[in-house]
Amino acid sequence: MNTNQQEITAQPYHGIFINDGRKFSNWGSSLSTQPAVYVEPISYADVQAIVRDTEQFPTPVRPVGSMLSVTETVVNDGGTLLCTRTLDAILGLETDDQGRHVVRVQAGCRLKKLSLWLQQHGWEIPFQAEIGEATVGSVAVGDTKESSLDGPGYFSSHVVAIRYIDENGSLQALSDKQDAAAFYEFKCSFGLSGIVVECVIEVRRASLCRADVDLKVYDSPEALTNDLLRLRKGCDALLAVVILHQLVCFVEQRYRAGAGKATPMSSQPECEQYRIAKRLAIQRGFDGGNLPQPKGIVFSRHDFVNEYWRPGETENRLDFQYYEHDIGRLEQVIAESYRFTQTFKQRTGFAPTGWATYFVHRPERKLKPYGIYSGGPGISCSFDPIYCNPNEPLWQQFAKEYNRLAIETLGGNPSPIQTQWLQPGDVRIPRKLARSRFTTPYYQQFLV
C-alpha cells in the first residue's frame, strides 16, 4: 500500500455516527428506512472519509436533507444514510468572474434560513419556495416547481456552481462557465453523480409581490381550464389549487410590485392572516377549512417561504403526486383527470382533497438536458393530486391507478422524488449520471 492510500484509509470521521439499527422516516411518516449507518458529517473532509471507507460506511451512500420526499428516494436499507443538515453555513455574498451577484452556501442549509439571511441583506433568489425546510443541496440536483414571477420556476436554474464529493472521495467543482455540459448534467442527477457540499446561487436585489386571491366555481372542466389560462395571462404568475370533483378553484394571481425587502405595514394584518392560513392548509393537505381571499396585498416573498412542523402519525398532513405536462395539453389533462376522478369516486367514495397547478418556463435543452423541464423552450404545467393522509389505502389506490393515466395516456413526466408508486420505465435516468457508490436500488430501476 502506498503512502497516499494509507492516508486515505486512515482519514478520521468526526461527525454524528449511528449504527444501532434504528429506523428513520420521511416527513409524512409514510416511509421508513433502516440503514446500516446514519451519519451527519460536520465538514467536507467528513464526507470524503465516508465515501472512501466502504467497510465502516457500506454502499450505497445516500445523501438526504430534511427527508421531505414522498417517494422511496429516502430508502437505503443496509446502506449509509448521509444527512447534510449540519453542513448548513451561509458563506457569504460574492461577485463572480462574470460580474454576477451570488451567494455561497453549504448544501445542508434550509431554504427558509437562506431566504431570511438574504432578506436581511436586501437580496433574494427569484424562486419562492413553498416548503422552507428543503435543503439547498437536495433542490440543486432535484426536481422543484413554483409559479415564478420572473424566473423559470425551478430552483436549480439559479445554481451557477457546485462543489461535491465524487465516488473516489475527492472534492470536485463544476460551474456553468467552466464546465457547462458536465455541470448541467450534474444538476439532473438526484445526487447519483456525487454528494453536493456547497452551492453558488445567483441572487438579485429583493423585490415585492402583489397578490389577488379568489375562489371560483365552474360548470365544466373545460370552463375551468379556459379560466385558468385566462387568469394566467392576466397576471405575472398564477398558482391554483383545484377541488376537481366539485369544479371549485382557489386561485392566487401574482404581480410584480417593485423593490423592497419587507412586507409593508399597509398590507398587515391581511398578509399575516393569509400566510398563516395558507401554511396551515398546506401542512394539513388542504383537508378543509376556509382560506382568506385578500385582494391587492403586497408582501415580501421571503415572508411566504414557510416552515412546517413534523406531524404526528395521526395528524392530517400533506401528501401529493407530481406530473409535468406541456401547457398545450392542459385542457385534455383536466378533462381526463376529471372523468377519472368522478369514476373513481362513484366506485369507491374517494376523491383527493385538491389538485395543485403550477406553471414553469422551460429553458433551452442544453440547460436542462434530462428529466423534468428538459423538453426545450416552452411552458410546462403541473396538475397534481393532493391528499391529507399518505397512509389512506384509497388515496394510495387512486394514485397508483392515476399514474397510468397521467404517464401513459396523458404523456406526463413524473419525478422520482415527487411521484409515488412508479414502475420501471416511468422515469428514465441516464446511466452515465449514476455512480455505484451512490445508487440505491430505488434509483437503479430507472437507469437506462
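A salt bridge is a side-chain nitrogen of Lys or Arg within 4 Å of a carboxyl oxygen of Asp or Glu. One network of such bridges links Glu124, Asp150, Arg204, Asp236, Arg256 and Arg301. By this rule the count comes to 30 salt bridges.

The model is predicted: local features need pLDDT of at least 70, side-chain atom pairs count only at pLDDT 80 or more, and totals for chains, interfaces and linings use all residues. Residues are numbered from 1 along each chain as its sequence is written, and side-chain values use heavy atoms, with hydrogens and water left out.

Side chains of opposite charge can pair when their charged atoms come close.

| Glu146 | Arg254 | 2.9 Å |

Helices (H or I, at least four residues) and strands (E, at least two) are DSSP runs, numbered from the N terminus. Glu146 pairs with Arg254. Glu146 sits in the loop between helix 4 (136–140) and strand 10 (159–165), and Arg254 in strand 16 (residues 248–259), so this pair ties together parts 108 residues apart in sequence.

Are Glu146 and Arg254 buried or exposed? Both are buried (under 20% relative accessible area; exposed is over 50%, partly exposed in between; 1.4 Å probe, protein chains only). Arg254 has a relative accessible area of 1%. Glu252 is buried at 1%. Lys278 is buried too, at 6%.

**Helix 8 against helix 9**

Two packed helices are described by the angle between their axes and the distance between the axes. Axes are lines fitted to C-alpha atoms, for helices over the stretch in contact, and angles run from 0 to 180 degrees between N-to-C directions. Helix 8 (residues 330–348) and helix 9 (residues 393–409) pack at about 145 degrees, with axes 11 Å apart. Contact means heavy atoms within 4.5 Å. Helix 8 contributes Glu336, Ser337, Phe340, Thr341, Phe344, Arg347 and Thr348. Helix 9 contributes Leu394, Gln397, Phe398, Glu401, Tyr402 and Leu405.
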